[in-house]
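Me: I have a structure to study and some terms to check. Can you take me through them one by one?

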Amino acid sequence: MSTLLALLILVSSTTYHTIQVDGNLQDWTSDELVIPDAPNDCAVTGNEIYGIYMTWDANYLYVGASYKLQNKALLILLDRGIGKGVHDINNLNWYPRNFQFFGMNADIIIALWNADLGTGGVREITGEIINNRMNTRPFPGVLVQNRAVSGDSGGIEVALSFSSLFPDGIPEGAKIKAVSVIAGSDNEGGVESAPDNPWVRPFQASAIRRIVEIILDSNTDGVPDENVRPVEVTDTLFTEEKILKISRFDLSQRSAKIGEIINIELSVTDYTSLDVAVYTERGELVKRFSMQNAEPDRIYSFAWDLKNLSSTYVPQGMYIIVIKAGEYVREKRAVFVYR
Ligand SMILES: [Ca+2]
Ligand SMILES: [Ca+2]
Ligand SMILES: [Ca+2]
Ligand SMILES: [Ca+2]
(Lines give C-alpha, C1' and ligand atoms only; values in the text may rest on other atoms or scores of the structure.)
(Ligands and ions follow the chains in the order given, each with its own letter.)
Protein backbone atom coordinates (compact mmCIF):
# COMPACT_ATOMS: atom_id res chain seq x y z
CA MET A 1 0.00 0.00 0.00
CA SER A 2 2.70 2.47 0.96
CA THR A 3 4.68 1.47 -2.15
CA LEU A 4 1.62 2.15 -4.31
CA LEU A 5 1.14 5.50 -2.60
CA ALA A 6 4.78 6.40 -3.16
CA LEU A 7 4.43 5.40 -6.81
CA LEU A 8 1.30 7.53 -7.19
CA ILE A 9 3.06 10.52 -5.67
CA LEU A 10 6.01 9.95 -8.00
CA VAL A 11 3.73 9.87 -11.06
CA SER A 12 1.56 12.82 -10.04
CA SER A 13 4.57 14.96 -9.15
CA THR A 14 5.71 14.98 -12.77
CA THR A 15 4.29 18.25 -13.94
CA TYR A 16 6.09 18.69 -17.21
CA HIS A 17 3.86 19.80 -20.05
CA THR A 18 4.09 17.77 -23.25
CA ILE A 19 2.87 19.55 -26.38
CA GLN A 20 1.23 17.79 -29.32
CA VAL A 21 3.31 18.94 -32.26
CA ASP A 22 0.48 19.34 -34.77
CA GLY A 23 0.52 23.08 -35.52
CA ASN A 24 -2.62 23.59 -33.43
CA LEU A 25 -1.77 25.96 -30.58
CA GLN A 26 -4.80 25.09 -28.40
CA ASP A 27 -2.74 22.89 -26.10
CA TRP A 28 -0.58 25.81 -24.92
CA THR A 29 -1.46 27.78 -21.78
CA SER A 30 -1.05 31.50 -21.17
CA ASP A 31 1.76 30.57 -18.72
CA GLU A 32 3.76 29.46 -21.76
CA LEU A 33 3.36 32.66 -23.78
CA VAL A 34 6.94 33.80 -23.13
CA ILE A 35 6.91 36.55 -25.79
CA PRO A 36 3.49 38.18 -26.12
CA ASP A 37 3.36 40.62 -29.03
CA ALA A 38 0.94 43.29 -30.18
CA PRO A 39 -1.57 42.05 -32.82
CA ASN A 40 -1.12 45.10 -35.05
CA ASP A 41 2.51 46.24 -34.97
CA CYS A 42 3.88 44.69 -38.16
CA ALA A 43 4.95 47.28 -40.73
CA VAL A 44 3.45 45.28 -43.63
CA THR A 45 -0.23 44.27 -43.80
CA GLY A 46 -0.89 40.54 -43.98
CA ASN A 47 1.98 39.74 -41.65
CA GLU A 48 2.08 39.56 -37.87
CA ILE A 49 3.65 37.88 -34.88
CA TYR A 50 0.99 37.44 -32.17
CA GLY A 51 3.16 35.59 -29.71
CA ILE A 52 5.89 33.02 -29.10
CA TYR A 53 5.32 30.10 -26.74
CA MET A 54 7.89 27.95 -25.03
CA THR A 55 7.70 25.05 -22.62
CA TRP A 56 9.40 21.70 -22.00
CA ASP A 57 9.12 18.22 -20.61
CA ALA A 58 11.90 15.84 -19.61
CA ASN A 59 12.90 15.14 -23.22
CA TYR A 60 11.88 18.08 -25.40
CA LEU A 61 11.94 21.83 -25.58
CA TYR A 62 8.79 23.01 -27.36
CA VAL A 63 8.49 26.24 -29.30
CA GLY A 64 5.25 27.57 -30.77
CA ALA A 65 4.47 30.69 -32.75
CA SER A 66 1.14 32.34 -33.40
CA TYR A 67 1.61 34.35 -36.57
CA LYS A 68 0.44 35.41 -40.01
CA LEU A 69 2.60 35.62 -43.16
CA GLN A 70 2.14 36.81 -46.73
CA ASN A 71 5.19 36.79 -48.99
CA LYS A 72 7.47 37.26 -46.01
CA ALA A 73 9.58 35.01 -43.83
CA LEU A 74 9.08 34.18 -40.16
CA LEU A 75 12.30 33.48 -38.30
CA ILE A 76 12.69 32.33 -34.70
CA LEU A 77 16.28 32.49 -33.50
CA LEU A 78 17.52 30.68 -30.42
CA ASP A 79 20.78 30.70 -28.49
CA ARG A 80 21.43 27.62 -26.34
CA GLY A 81 24.28 29.33 -24.56
CA ILE A 82 26.88 26.72 -25.42
CA GLY A 83 29.26 29.17 -27.08
CA LYS A 84 28.09 28.52 -30.63
CA GLY A 85 26.19 30.69 -33.01
CA VAL A 86 26.72 33.91 -34.86
CA HIS A 87 26.34 37.63 -34.34
CA ASP A 88 25.16 38.31 -37.89
CA ILE A 89 22.82 36.13 -40.02
CA ASN A 90 23.10 38.12 -43.25
CA ASN A 91 25.52 35.61 -44.73
CA LEU A 92 23.82 32.32 -43.81
CA ASN A 93 23.54 29.67 -46.51
CA TRP A 94 19.85 29.31 -45.59
CA TYR A 95 17.37 32.16 -44.90
CA PRO A 96 20.06 34.87 -44.83
CA ARG A 97 18.52 38.05 -43.46
CA ASN A 98 20.11 41.35 -42.45
CA PHE A 99 19.96 40.95 -38.65
CA GLN A 100 22.70 41.44 -36.09
CA PHE A 101 22.26 40.17 -32.54
CA PHE A 102 23.46 41.92 -29.42
CA GLY A 103 23.38 39.91 -26.21
CA MET A 104 22.87 36.59 -27.96
CA ASN A 105 24.41 34.61 -30.79
CA ALA A 106 21.91 32.83 -32.98
CA ASP A 107 22.70 29.11 -33.12
CA ILE A 108 19.30 27.64 -34.05
CA ILE A 109 17.01 29.04 -36.73
CA ILE A 110 13.38 28.08 -37.25
CA ALA A 111 12.20 29.61 -40.51
CA LEU A 112 9.47 29.45 -43.12
CA TRP A 113 8.34 31.57 -46.06
CA ASN A 114 4.75 32.59 -46.81
CA ALA A 115 3.44 30.21 -44.09
CA ASP A 116 4.70 27.26 -46.14
CA LEU A 117 7.04 24.76 -44.50
CA GLY A 118 8.00 23.46 -47.96
CA THR A 119 11.03 25.76 -48.05
CA GLY A 120 11.30 26.07 -44.29
CA GLY A 121 12.29 24.02 -41.30
CA VAL A 122 14.71 24.04 -38.40
CA ARG A 123 18.48 24.26 -38.71
CA GLU A 124 21.47 24.80 -36.52
CA ILE A 125 24.01 27.45 -37.37
CA THR A 126 27.36 25.74 -37.14
CA GLY A 127 29.60 28.82 -37.32
CA GLU A 128 31.74 27.24 -40.06
CA ILE A 129 32.22 29.15 -43.29
CA ILE A 130 31.82 27.08 -46.45
CA ASN A 131 32.19 28.76 -49.86
CA ASN A 132 32.11 32.14 -48.12
CA ARG A 133 28.70 31.46 -46.59
CA MET A 134 27.90 30.72 -42.97
CA ASN A 135 26.97 27.08 -42.79
CA THR A 136 23.71 25.66 -41.41
CA ARG A 137 22.56 22.06 -41.20
CA PRO A 138 19.18 20.44 -40.46
CA PHE A 139 18.57 20.17 -36.73
CA PRO A 140 18.75 16.47 -35.85
CA GLY A 141 15.53 14.69 -34.95
CA VAL A 142 13.37 17.80 -34.91
CA LEU A 143 9.57 17.63 -35.01
CA VAL A 144 7.85 20.53 -36.74
CA GLN A 145 4.28 21.11 -37.88
CA ASN A 146 2.63 24.20 -39.34
CA ARG A 147 -1.09 24.92 -39.66
CA ALA A 148 -1.09 28.49 -40.90
CA VAL A 149 -1.74 29.33 -44.55
CA SER A 150 -0.62 32.41 -46.45
CA GLY A 151 -2.37 35.58 -45.26
CA ASP A 152 -4.24 33.85 -42.42
CA SER A 153 -3.27 33.57 -38.79
CA GLY A 154 -2.25 30.16 -37.49
CA GLY A 155 0.45 28.30 -35.67
CA ILE A 156 3.73 26.50 -36.05
CA GLU A 157 5.03 24.11 -33.41
CA VAL A 158 8.50 22.68 -32.97
CA ALA A 159 9.95 20.07 -30.62
CA LEU A 160 13.72 20.03 -30.13
CA SER A 161 15.08 17.11 -28.14
CA PHE A 162 17.36 17.94 -25.24
CA SER A 163 19.76 15.25 -26.46
CA SER A 164 20.21 17.20 -29.71
CA LEU A 165 20.15 20.64 -28.05
CA PHE A 166 22.79 19.65 -25.53
CA PRO A 167 24.75 16.66 -26.91
CA ASP A 168 27.18 16.85 -23.97
CA GLY A 169 24.37 16.87 -21.41
CA ILE A 170 22.21 19.72 -20.16
CA PRO A 171 24.52 22.31 -18.61
CA GLU A 172 23.72 23.29 -15.02
CA GLY A 173 21.61 26.45 -15.07
CA ALA A 174 20.73 25.95 -18.75
CA LYS A 175 19.04 28.93 -20.41
CA ILE A 176 17.62 29.61 -23.85
CA LYS A 177 17.68 33.05 -25.42
CA ALA A 178 15.11 33.78 -28.09
CA VAL A 179 13.71 36.36 -30.47
CA SER A 180 11.38 36.16 -33.45
CA VAL A 181 11.25 38.38 -36.52
CA ILE A 182 9.40 38.77 -39.80
CA ALA A 183 11.61 39.70 -42.74
CA GLY A 184 11.50 40.12 -46.50
CA SER A 185 13.54 38.19 -49.07
CA ASP A 186 17.18 37.13 -48.82
CA ASN A 187 19.38 39.79 -47.20
CA GLU A 188 16.48 42.11 -46.39
CA GLY A 189 15.89 43.39 -42.89
CA GLY A 190 12.84 43.18 -40.65
CA VAL A 191 9.27 44.46 -40.60
CA GLU A 192 8.35 43.10 -37.16
CA SER A 193 9.95 41.51 -34.12
CA ALA A 194 8.96 39.92 -30.84
CA PRO A 195 10.02 41.24 -28.41
CA ASP A 196 9.79 44.66 -30.10
CA ASN A 197 13.07 46.02 -31.46
CA PRO A 198 12.74 49.56 -32.81
CA TRP A 199 16.04 49.12 -34.70
CA VAL A 200 14.42 46.61 -37.07
CA ARG A 201 14.11 48.16 -40.54
CA PRO A 202 12.89 46.62 -43.82
CA PHE A 203 15.78 47.25 -46.19
CA GLN A 204 18.66 47.89 -43.85
CA ALA A 205 20.76 46.22 -41.20
CA SER A 206 18.40 45.42 -38.32
CA ALA A 207 19.82 45.35 -34.81
CA ILE A 208 18.30 42.96 -32.29
CA ARG A 209 18.99 44.33 -28.81
CA ARG A 210 15.86 43.14 -26.98
CA ILE A 211 15.54 39.40 -26.56
CA VAL A 212 14.11 37.05 -23.96
CA GLU A 213 15.98 34.59 -21.79
CA ILE A 214 14.19 31.53 -20.39
CA ILE A 215 15.81 29.63 -17.53
CA LEU A 216 15.34 25.89 -18.02
CA ASP A 217 17.29 24.79 -14.96
CA SER A 218 17.04 27.35 -12.17
CA ASN A 219 18.07 24.90 -9.41
CA THR A 220 21.21 23.97 -11.40
CA ASP A 221 20.83 20.20 -11.15
CA GLY A 222 21.31 19.67 -14.89
CA VAL A 223 17.65 18.60 -15.27
CA PRO A 224 15.00 20.83 -16.89
CA ASP A 225 12.89 22.19 -14.03
CA GLU A 226 9.45 20.72 -13.35
CA ASN A 227 6.56 22.60 -11.84
CA VAL A 228 7.46 25.79 -13.62
CA ARG A 229 5.35 28.44 -15.26
CA PRO A 230 7.66 29.40 -18.15
CA VAL A 231 6.57 33.07 -18.05
CA GLU A 232 7.89 33.26 -14.48
CA VAL A 233 11.38 32.19 -15.52
CA THR A 234 11.47 34.48 -18.57
CA ASP A 235 13.24 37.83 -18.58
CA THR A 236 13.52 40.43 -21.30
CA LEU A 237 17.15 41.44 -21.79
CA PHE A 238 18.32 44.67 -23.36
CA THR A 239 21.83 45.29 -24.66
CA GLU A 240 22.66 48.96 -25.00
CA GLU A 241 24.11 50.31 -28.17
CA LYS A 242 27.82 51.09 -27.99
CA ILE A 243 30.13 52.58 -30.54
CA LEU A 244 31.91 49.67 -32.14
CA LYS A 245 35.65 50.13 -31.95
CA ILE A 246 38.70 47.96 -31.95
CA SER A 247 39.98 48.54 -28.43
CA ARG A 248 43.05 46.34 -28.67
CA PHE A 249 45.21 45.32 -31.63
CA ASP A 250 48.50 43.91 -30.42
CA LEU A 251 51.07 41.99 -32.39
CA SER A 252 53.64 39.88 -30.55
CA GLN A 253 56.26 41.11 -33.02
CA ARG A 254 56.46 43.39 -36.03
CA SER A 255 59.05 41.29 -37.78
CA ALA A 256 59.33 37.53 -37.67
CA LYS A 257 61.66 34.86 -38.99
CA ILE A 258 60.23 31.83 -40.80
CA GLY A 259 59.47 29.23 -38.13
CA GLU A 260 58.25 31.86 -35.65
CA ILE A 261 54.65 32.79 -34.98
CA ILE A 262 53.02 36.20 -34.88
CA ASN A 263 50.32 36.38 -32.24
CA ILE A 264 47.53 38.81 -32.97
CA GLU A 265 45.45 39.90 -29.96
CA LEU A 266 42.20 41.75 -30.44
CA SER A 267 39.40 43.23 -28.38
CA VAL A 268 36.29 45.08 -29.44
CA THR A 269 33.83 47.32 -27.61
CA ASP A 270 30.59 45.68 -28.80
CA TYR A 271 29.18 42.41 -30.12
CA THR A 272 30.42 41.88 -33.65
CA SER A 273 32.02 39.51 -36.10
CA LEU A 274 35.79 39.72 -36.49
CA ASP A 275 37.76 39.10 -39.63
CA VAL A 276 41.55 38.96 -39.64
CA ALA A 277 43.24 38.79 -43.01
CA VAL A 278 46.88 38.84 -44.04
CA TYR A 279 47.70 40.30 -47.45
CA THR A 280 50.83 40.74 -49.50
CA GLU A 281 51.82 44.31 -50.32
CA ARG A 282 50.12 43.78 -53.68
CA GLY A 283 46.84 42.95 -51.96
CA GLU A 284 46.80 39.18 -52.47
CA LEU A 285 45.13 37.27 -49.65
CA VAL A 286 47.62 35.07 -47.79
CA LYS A 287 45.71 33.95 -44.70
CA ARG A 288 42.35 34.54 -43.07
CA PHE A 289 40.94 33.98 -39.59
CA SER A 290 37.43 34.81 -38.48
CA MET A 291 35.37 34.87 -35.37
CA GLN A 292 31.62 35.11 -35.84
CA ASN A 293 30.55 35.95 -32.34
CA ALA A 294 33.05 38.24 -30.67
CA GLU A 295 31.84 39.73 -27.40
CA PRO A 296 32.77 43.09 -25.92
CA ASP A 297 35.93 43.42 -23.80
CA ARG A 298 37.22 39.90 -24.32
CA ILE A 299 40.66 39.21 -25.74
CA TYR A 300 40.74 37.08 -28.87
CA SER A 301 44.04 35.64 -30.12
CA PHE A 302 44.95 34.46 -33.57
CA ALA A 303 48.32 32.87 -34.30
CA TRP A 304 49.81 33.35 -37.76
CA ASP A 305 52.50 30.77 -38.41
CA LEU A 306 53.74 32.68 -41.48
CA LYS A 307 52.11 30.13 -43.75
CA ASN A 308 49.68 30.88 -46.57
CA LEU A 309 46.30 29.38 -47.39
CA SER A 310 47.98 26.28 -48.85
CA SER A 311 50.05 25.81 -45.67
CA THR A 312 53.44 26.69 -47.12
CA TYR A 313 55.72 29.41 -45.75
CA VAL A 314 55.33 32.81 -47.39
CA PRO A 315 58.27 34.43 -49.21
CA GLN A 316 60.33 37.07 -47.42
CA GLY A 317 58.72 40.50 -47.55
CA MET A 318 56.21 42.93 -46.07
CA TYR A 319 52.71 41.72 -45.20
CA ILE A 320 49.67 43.69 -44.14
CA ILE A 321 47.39 42.41 -41.37
CA VAL A 322 43.90 43.86 -41.78
CA ILE A 323 41.31 43.42 -39.07
CA LYS A 324 37.63 44.12 -39.63
CA ALA A 325 35.00 44.35 -36.92
CA GLY A 326 31.58 44.10 -38.55
CA GLU A 327 31.29 45.76 -41.96
CA TYR A 328 32.73 49.19 -41.35
CA VAL A 329 35.42 49.21 -38.68
CA ARG A 330 38.90 48.31 -39.83
CA GLU A 331 42.54 48.73 -38.91
CA LYS A 332 45.76 47.50 -40.46
CA ARG A 333 49.39 46.96 -39.51
CA ALA A 334 52.40 45.95 -41.55
CA VAL A 335 54.76 43.15 -40.53
CA PHE A 336 58.05 41.99 -42.03
CA VAL A 337 58.76 38.31 -42.61
CA TYR A 338 62.36 37.17 -43.25
CA ARG A 339 64.31 33.97 -43.62
CA1 LIG B 1 -0.39 21.50 -30.58
CA1 LIG C 1 2.97 41.67 -33.59
CA1 LIG D 1 6.32 43.26 -32.34
CA1 LIG E 1 16.58 21.61 -12.65
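Me: What makes S9 and strand S10 (residues 154-161) a pair?
Reply: Two strands pair if DSSP finds at least two bridges between them. S9 and S10 have 4 bridges, in the antiparallel sense, so they count as a pair. One of the partners in S10 is Glu 157, which bridges to Gln 145. Strands here are DSSP runs of E with at least two residues, numbered from the N terminus.

Me: Where do these numbers come from, and what kind of model is this?
Reply: This is a predicted model: local features need pLDDT of at least 70, side-chain atom pairs count only at pLDDT 80 or more, and totals for chains, interfaces and linings use all residues. Residues are numbered from 1 along each chain as its sequence is written, while chains are lettered from A and ligands numbered from 1 in the order in which they are written.

Me: Why are strand S1 (33-36) and strand S9 (143-146) called edge strands?
Reply: The open sheet has 5 strands in the order S1-S2-S3-S10-S9, with antiparallel pairing. S1 and S9 each pair on one side only.

Me: What joins S3 to its neighbours S2 and S10?
Reply: Strand S2 (residues 48-56) pairs with S3 over 8 bridges, in the antiparallel sense. Gly 51 stands opposite Ser 66 in S3. A hairpin of 3 residues leads from S2 to S3. S3 and S10 also run antiparallel, joined by 8 bridges. There, Tyr 60 has Ser 161 in S10 as its bridge partner.

Me: How do you know that strand S3 (residues 60-68) is mostly covered?
Reply: A residue is buried if 20 or more other C-beta atoms lie within 10 Å of its own, exposed if 12 or fewer, and partly exposed in between; C-beta atoms are placed from the backbone. In S3, 9 of 9 residues are buried. Tyr 60, Tyr 62, Gly 64, Ser 66 and Lys 68 point one way, and Leu 61, Val 63, Ala 65 and Tyr 67 the other.

Me: What makes a group of residues a nonpolar core?
Reply: It is a set of buried Ala, Val, Leu, Ile, Met, Phe, Trp, Tyr and Cys residues joined through C-beta atoms within 7 Å. The largest one here has 68 residues, and Leu 75 and Ala 178 have the most contacts inside it. A second, separate core has 14 residues, including Val 268 and Leu 306.
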